[in-house]
Amino acid sequence: MPVNKKLLVTLGLLSIVVFGAMTSSKPQDEGFKNLKVLPKNISGDNLHKVMEEWEHSLGVHCNFCHARNEETKKMDWASDAKPEKEMARDMFKMTAKINEKYFHAKKDSLGMIMQSGVNCNTCHRGTAHPEVVVPEGRGPGAPGQGPGGQPGPPPAGQPTPPPPGQ
């Protein structure tokens, strides 16, 4: 039976291409390093969405929590060099506990809260360090206010008001 040389050459080249594609494909993604509160199997897209949500809620950029590697001049995403990163983890755990306890939030297949009653923006509202704001006339030193805005003794010469609820 005569063998067609073109067919043999084509099959040979095709097998080389297929073999080369299988062996030289990029290595499997090793996953993200140093994830402590986010799911280990989170996708790159989902991780990016979470980071963007935090970024917008706090009005910051990546370098607020992540340190730069000065040797490579690139962000070292796995580094715990900045204390803000650990604070973000603690705050994430806090909001998750609040949502589970008080809002009965359920988790998705990755272990992420699907619906929440509170999130970063609840308090931060675009500021990295939200401060407690005491209404005017209610702070320390205001009439009837003690340290920390707590009720204090009335100014001199005024009667003591009855306790609340009486």
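**Entry 1: F92.** I began with F92, which lies in helix α3. I take helices (H or I, at least four residues) and strands (E, at least two) as DSSP runs, numbered from the N terminus. This is a predicted model: local features need pLDDT of at least 70, side-chain atom pairs count only at pLDDT 80 or more, and totals for chains, interfaces and linings use all residues. Residues are numbered from 1 along each chain as its sequence is written, and side-chain values use heavy atoms, with hydrogens and water left out.

I looked up the contacts of F92, contact meaning heavy atoms within 4.5 Å. Leaving aside neighbours within four places in sequence, F92 touches V37, L38, W54 and M112. F92 and V37 are 55 residues apart in sequence, yet 7.5 Å apart in space, C-alpha to C-alpha.

**Entry 2: the chain.** I counted four helices and two strands. Along the sequence they run α-α-β-β-α-α. Among contacts with a separation of 6 or more, 33% join residues 24 or more positions apart.

Next I checked burial. Buried means under 20% relative accessible area, exposed over 50%, partly exposed in between (1.4 Å probe, protein chains only). Of the 166 residues in the chain, 19% are buried. The chain exposes about 13,400 Å², with carbon and sulfur atoms supplying 60% of it.

**Entry 3: the core.** Which residues touch the most other members of the largest nonpolar core? They are L38, V50 and W54, in a core of 13 residues. Helix α2 (residues 44-58) gives the largest share of this core, four residues. A nonpolar core here is a set of buried Ala, Val, Leu, Ile, Met, Phe, Trp, Tyr and Cys residues joined through side-chain atoms within 4.5 Å. Beyond four places in sequence, L38 touches L47, V50, M51, W54, F92 and M112.

Entry 4: The largest pocket has a volume of about 1,100 Å³. Of its 43 lining residues, M51, W54, C65, H66 and A88 are the closest to its centre. On a 1 Å grid over the protein atoms alone, a pocket is an open set of points where a 1.4 Å probe fits, with protein on both sides within 12 Å along at least five of seven lines; lining residues have an atom within 4 Å of a point. Helix α3 gives the most to this lining of the largest pocket, with ten residues. By class, the lining of the largest pocket has 25 nonpolar, eleven polar and seven charged residues.

The second largest pocket has a volume of about 370 Å³. Of its 18 lining residues, V50, E53, F92, M112 and I113 are the closest to its centre. Both α2 and α3 supply at least two residues of that lining.

**Entry 5: S57.** Is S57 buried or exposed? S57 is buried, because its relative accessible area is 6%. S57 lies in helix α2. Beyond four places in sequence, S57 touches C120, N121, H124, R125, G126 and T127.

**Entry 6: positive phi.** Most residues other than glycine have a negative phi. I noted N34, with phi near 70 degrees. N34 lies in the loop between α1 (5-23) and α2. At 25% relative accessibility, N34 counts as partly exposed. I also noted R125, which has a positive phi of about 50 degrees. R125 lies in the segment after α4. R125 is exposed, with a relative accessible area of 61%.

Notes: Accessible areas come from the Shrake-Rupley method with a 1.4 Å probe; for residues, only the protein chains shown count as cover. Grid points are joined across faces, edges and corners, and a volume is the space filled by probe spheres set on the points. Ala, Val, Leu, Ile, Met, Phe, Trp, Tyr, Cys and Pro count as nonpolar, Asp, Glu, Lys and Arg as charged, and the others, Gly among them, as polar.
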